[in-house]
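Q: I'm new to this one and would like to go through it with you. Could we start with how some of the helices pack and then turn to the ligand?

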Amino acid sequence: MPKISMSVPLVEMDGDEMTRIIWQLIKDELICPYVDLKTDYYDLGLKHRDETDDQVTVDSAQATLRLGVAVKCATITPNAQRVEEYGLKQMWKSPNGTIRALLDGTVFRAPLVVGGIEPVVKVWKRPITIARHAYGDVYRNVEMHIDAPGKVELVYTAADGTERRELVHEFDGPGVVQGQHNLDASIQSFARSCFEYALATGQDLWFATKDTISKTYDHRFKDVFAELYEARYRARFEAAGISYFYTLIDDAVARVMRSEGGFIWACKNYDGDVMSDMLSSAFGSLAMMTSVLVSPEGVFEYEAAHGTVQRHYYRHLRGERTSTNPVATIFAWTGALRKRGELDGLADLADFAGRLEAATLHTIESGRMTGDLARITSLPSPQTLDTRAFILAIRETLDAETAA
Ligand code: NAD
């Protein structure tokens with residue numbers, strides 16, 4: 001069969017450790033035999049980031065802004081131990097942080113739902129996608145320990161020197177105090193990314209804050225979303241048959257637990273941090289979480305939600321067989337290929353992405369899977385495969401389903 005052709009390249013961001021090994025296997029066995037793959041390649045492996053003084057990360061983000069779609073392998077965010085291990089010039093920043101800042105994007109994380117891996121919450125039938133606002137609030141806070149009686153105030157000094165003051169608390173004994181901020185511009189970008197992604201995926205959008213208690217701060221978030229929805233998105237949502245729904249965060253949590261899933265849940269920074277871990281473990285496994293960074297302009301960067309699976313990599317280096325789950329990385333590739341297909345009007349490319357995804361899930365449902373899934377599946381007598389054998393089993397399923 002002739003290979004499927006592409007017109008515009010994907011931005012390819014290679015990465016580190018076990019996921020780098022999986023990356024190459026996926027390309028060699030599941031993509032290049034079927035697609036005449038065109039990529040604009042950037043090596044974000046830690047060694048090359050160090051050699052280029054991290055310029056390669058910036059270049060890859062700029063290429064993404066230019067070309068519109070990227071696929072990224074997991075990368076090491078260096079800490080002191082990594083600086084020593086790799087002999088780094090300095091402790092480079094998180095590549096994801098750098099890319100997110102340049103794209104001004106929001107991260108959407110969604111679990112993959114597959115037969116045999118049942119969510120802990122029995123009523124969940126479809127994935128729940130979490131969007132986390134990634135700026136400000138408690139993550140950019142200023143805090144103080146108060147050790148003696150005294151007064152704490154919020155003071156705003158305008159450019160012309162005029163002041164506004166609010167009493168935080170009159171302390172008559174020790175305590176703690178915290179200042180937080182956010183920016184209309186950042187909340188607007190977050191809201192736009194959420195509305196755009198809801199339209200791009202045809203899913204309802206939920207948003208929740210604690211505006212009954214936080215009548216200025218959280219209320220601002222509620223208003224920014226509502227104003228943008230009315231001004232720019234209501235008509236498009238109605239035409240697409242999807243809805244925007246705002247409620248209180250505690251009500252949202254209760255409704256999520258009773259829902260069937262199949263929607264996007266936009267969360268403030270802290271809520272998203274906590275709820276995304278709750279959702280990924282409740283849906284089954286971190287190795288089955290996909291992640292996509294969406295900019296307000298509609299630029300997409302796809303990746304797996306997990307890291308580089310360091311422990312498996314060290315085992316791999318010792319020559320031991322590993323059973324690392326490649327599913328989220330496969331779905332990063334299919335997400336990016338489908339998006340390229342949609343943008344470039346290449347129906348066969350988008351169709352291939354769908355077939356590879358189906359083949360991946362069907363392989364698991366047939367009882368062949370990696371060790372992490374074999375440990376939690378409800379299927380009787382699952383067969384645990386190493387990473388390579390699992391990828392080859394997916395290829396076999398893909399070929400059989402394409403021929404059928
Ligand atoms: P990790 O996601 O690599 O591993 C966390 C745990 O989940 C481990 O027990 C691991 O064995 C298991 N796990 C994760 N993915 C798996 C898979 N595909 N198959 C089987 N088991 C899997 O996170 P970590 O150990 O905290 O970090 C390792 C490295 O990854 C660090 O250097 C960190 O900086 C980096 N990291 C990168 C990203 C990213 O690029 N998006 C995200 C998180 C961590």
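Q: Is the crossing of α3 and α5 left-handed or right-handed?

A: The crossing of α3 and α5 is right-handed, and please keep in mind that this is a predicted model. Helix α3 covers residues 55–67 and helix α5 covers residues 95–103, and their axes come within 9 Å and cross at roughly 40°.

Q: Which residues make that contact of α3 and α5?

A: From α3 the contact takes T57, V58, S60, A61, T64 and L65, while α5 brings P95, T98, I99, L102 and L103. Sorted by class, the residues of this contact of α3 with α5 are seven nonpolar and four polar, with no charged ones.

Q: OK, on to α14. At roughly what angle do the axes of α1 and α14 cross?

A: Helix α1, residues 17–31, and helix α14, residues 387–403, have axes that cross at roughly 25° and come within 10 Å. Because angles under 35 degrees count as roughly parallel, α1 is roughly parallel to α14. The crossing of α1 and α14 is right-handed.

Q: And what residues are in the contact there?

A: On the α1 side they are I22, L25, I26, D28, E29 and L30, and on the α14 side they are T387, R388, I391, L392, I394 and R395. By class, this contact of α1 with α14 holds seven nonpolar residues, one polar residue and four charged residues.

Q: How does α12 cross α14?

A: The axes of helix α12, which spans residues 347–365, and of α14 come within 8 Å and cross at roughly 120°, which makes α12 oblique to α14. The crossing of α12 and α14 is right-handed.

Q: Which residues of α12 and α14 make the contact?

A: Helix α12 contributes F352, R355, L356, A358, A359, T360, H362, T363 and I364, and α14 contributes F390, A393, I394, T397, L398, E401 and T402. The contact of α12 with α14 divides into nine nonpolar, five polar and two charged residues.

Q: Changing topic, which residues around the ligand come nearest?

A: There are 18 residues around the ligand, and of these T75, T77, G307, V309 and N325 come nearest.

Q: What lies 2.9 Å from an oxygen atom of the ligand?

A: That is a backbone N or O atom of T77.

Q: And which residues have N or O atoms by a nitrogen atom of the ligand?

A: N325 has a backbone N or O atom 2.8 Å from a nitrogen atom of the ligand. For E303, an N or O atom in the side chain is 3.3 Å from a nitrogen atom of the ligand.

Conventions
Residues are numbered from 1 along each chain as its sequence is written. This is a predicted model: local features need pLDDT of at least 70, side-chain atom pairs count only at pLDDT 80 or more; totals for chains, interfaces and linings use all residues. Side-chain values use heavy atoms; hydrogens and water are left out. Axes are lines fitted to C-alpha atoms, for helices over the stretch in contact, and angles run from 0 to 180 degrees between N-to-C directions. Helices (H or I, at least four residues) and strands (E, at least two) are DSSP runs, numbered from the N terminus. Angles under 35 degrees count as roughly parallel, over 145 as roughly antiparallel, 65 to 115 as roughly perpendicular and the rest as oblique. A crossing is left-handed if the near helix is turned anticlockwise from the far one by less than a right angle, and right-handed if clockwise. Contact means heavy atoms within 4.5 Å. Ala, Val, Leu, Ile, Met, Phe, Trp, Tyr, Cys and Pro count as nonpolar, Asp, Glu, Lys and Arg as charged, and the others, Gly among them, as polar. A residue is near a molecule or strand if one of its heavy atoms lies within 4 Å of it. A polar contact is a pair of N or O atoms within 3.5 Å; within protein, one must be able to donate a hydrogen and the other to accept it, and residues adjacent in sequence count only if both atoms are side-chain atoms.
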